[in-house]
Protein chains: 2
Amino acid sequence: MKRKITEVSIKLFEKKGFSATSIQDIVDAIGVTKGTFYYYYSSKEQLLMDIHYDYITNLLERQKQIVDNSHLSQREKITEIITLLIMDVTEKGPSARVFFRELRHLSEGNIEKIKEIRKQFYLNVEAVIKAGIEQGEFRKADRPDMIAYGVLGIVNWSYNWYNPEGDVSPSELAKIYANVILKGIEN
Amino acid sequence: MKRKITEVSIKLFEKKGFSATSIQDIVDAIGVTKGTFYYYYSSKEQLLMDIHYDYITNLLERQKQIVDNSHLSQREKITEIITLLIMDVTEKGPSARVFFRELRHLSEGNIEKIKEIRKQFYLNVEAVIKAGIEQGEFRKADRPDMIAYGVLGIVNWSYNWYNPEGDVSPSELAKIYANVILKGIEN
């Protein structure tokens, strides 16, 4: 049931926005009572936090497997992280959109928690770029931190426009972007 | 007064979100009555449309001056468009965030109108990339359309994280991103 609540809420939040979606809307869509909702969540905000937390910790874990893989070059790590993010927007589009749009509706304490985990994800990208520069795979750059944001931007932006059912498959898109970025930063 | 309503609303929408901001909140923040609001706007949605329309038509006009400038190479046009967008997020951060986040709260007809103008902005970027490929400035690419989205992504994403008062100035950031993208697509 908890999973059902989360799934239905993600769809409603995506369509109507967090503020405009009431707990009544959520329980009506599932066909249960508010009592059921409150059995699992103390508030709509707590539910939103759950969605955010699940989304970003899952991504971070999958990223960790990439960056910790010592068989991969830094170039390959960047490609894999790009692929991870494009695939993720493809598979979990509604979650991604709720994640990117509704952060400010969390409580201040929860915003800080989520921002910290997001920051970790970002820092891992930055670390790969810095390692690539040190090892001579990427050319020297004054601001590897800005480049890391650029890598995330090019792929994260796709949640705004990308249609995975269109004529460019997720893996093709990942390849195109990895190619532009790597050519853009390679030595 | 109309301008004042727009300015105050943009700040409130940025902070609280469109749905959670009432007309009462807006008029309270200015110190006028609802009558004043309704003299200028028939609804909150119409006000949001005004904000969206102003934002995107202004950008499109400034982009037109760049793409129509026959003295510029395609490389230079890309650089100028990147600079335009970064400067814009810097100067009009709150408007940019309202623009990117609140589109779905417009009526369907208005969403279509705004999407059409956004599309025009995008198509102009795509046209520059295609021209650059034809003229040999950029290397051949199977999907110039995806690259155009990438260019917009890398810069538009900055509205999420970029602090223009930090240690990287808007013009430096524009230079860094133009550099990565041009190296990424040049012949």
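# Close-up views of a predicted two-chain model

**Figure 1. A:Arg97 is placed in helix 6 of chain A.** The model shown here and in the views below is predicted. A:Arg97 has a relative accessible area of 18% and therefore counts as buried, the limit being under 20%. Apart from residues up to four places away in sequence, A:Arg97 touches A:Glu14 and A:Tyr159. A:Leu48 stands 49 residues from A:Arg97 along the chain, and the C-alpha atoms of these two residues are separated by 12 Å.

**Figure 2. Helix 6 of chain A, residues 93–101, is mostly covered.** Eight of the nine residues of this helix are buried. The buried set consists of A:Gly93, A:Ser95, A:Ala96, A:Arg97, A:Val98, A:Phe99, A:Phe100 and A:Arg101. These buried residues pack against several other helices of chain A, namely helix 1 (2–16), helix 4, helix 5 (74–91), helix 7 and helix 8 (144–156).

Figure 3. Chain A contains nine helices and zero strands, and its pattern along the sequence reads α-α-α-α-α-α-α-α-α. Along the principal axes, the C-alpha atoms of chain A fill a box of roughly 60 × 40 × 25 Å. Chain A has 187 residues, of which 55% count as buried. When contacts in chain A between residues at least 6 apart in sequence are considered, 67% of them join residues at least 24 apart.

**Figure 4. A:Glu126 lies in helix 7 of chain A, which spans residues 108–134.** With a relative accessible area of 12%, A:Glu126 is buried. Not counting residues up to four places away in sequence, A:Glu126 touches A:Pro144, A:Asp145 and A:Ala148.

**Figure 5. A:Asn58 is located in helix 4 of chain A, residues 44–67.** The relative accessibility of A:Asn58 is 28%, so this residue counts as partly exposed. A:Asn58 and A:Glu134 are 76 residues apart in sequence, and their C-alpha atoms are 29 Å apart in space.

**Figure 6. A:Tyr177 is among the residues with the most contacts inside the largest nonpolar core.** This core has 136 residues. Leaving aside neighbours within four places in sequence, A:Tyr177 is in contact with A:Ile82, A:Ile86, A:Ile154, A:Val155 and A:Trp161 of chain A, and with B:Met146, B:Tyr149 and B:Gly150 of chain B.

**Figure 7. Helix 1 (residues 2–16) and helix 6 (residues 93–101) of chain B cross at roughly 60°.** The axes of the two helices come within 9 Å. At this angle, helix 1 of chain B is therefore oblique to helix 6 of chain B. Their crossing is left-handed. Helix 1 of chain B contributes B:Ile10, B:Phe13 and B:Glu14 to the contact, while helix 6 of chain B contributes B:Pro94, B:Ser95, B:Arg97, B:Val98 and B:Arg101. Sorted by class, the contact comprises four nonpolar, one polar and three charged residues.

**Figure 8. Helix 5 (residues 74–91) and helix 8 (residues 144–156) of chain B pack with their axes 9 Å apart.** The angle between these two helices is about 30°. Helix 5 of chain B and helix 8 of chain B are therefore roughly parallel to each other. Helix 5 of chain B passes helix 8 of chain B in a right-handed crossing. On the side of helix 5 of chain B, the contact is made by B:Ile82, B:Leu85 and B:Ile86; on the side of helix 8 of chain B, by B:Val151, B:Leu152, B:Val155 and B:Asn156. The residues of this contact divide into six nonpolar, one polar and no charged.

**Figure 9. B:Asn156 has its place in helix 8 of chain B.** A relative accessible area of 8% makes B:Asn156 buried. Besides taking part in the contact between helix 5 and helix 8 of chain B, B:Asn156 is in contact with a residue of the other chain, A:Trp157. Within chain B, and leaving aside neighbours within four places in sequence, B:Asn156 is in contact with B:Leu85 and B:Phe100.

Terms used: Residues are numbered from 1 along each chain as its sequence is written. Chains are lettered from A and ligands numbered from 1 in the order in which they are written. This is a predicted model: local features need pLDDT of at least 70, side-chain atom pairs count only at pLDDT 80 or more; totals for chains, interfaces and linings use all residues. Side-chain values use heavy atoms; hydrogens and water are left out. Axes are lines fitted to C-alpha atoms, for helices over the stretch in contact, and angles run from 0 to 180 degrees between N-to-C directions. Helices (H or I, at least four residues) and strands (E, at least two) are DSSP runs, numbered from the N terminus. Angles under 35 degrees count as roughly parallel, over 145 as roughly antiparallel, 65 to 115 as roughly perpendicular and the rest as oblique. A crossing is left-handed if the near helix is turned anticlockwise from the far one by less than a right angle, and right-handed if clockwise. Contact means heavy atoms within 4.5 Å. Ala, Val, Leu, Ile, Met, Phe, Trp, Tyr, Cys and Pro count as nonpolar, Asp, Glu, Lys and Arg as charged, and the others, Gly among them, as polar. A nonpolar core is a set of buried Ala, Val, Leu, Ile, Met, Phe, Trp, Tyr and Cys residues joined through side-chain atoms within 4.5 Å. Buried means under 20% relative accessible area, exposed over 50%, partly exposed in between (1.4 Å probe, protein chains only).
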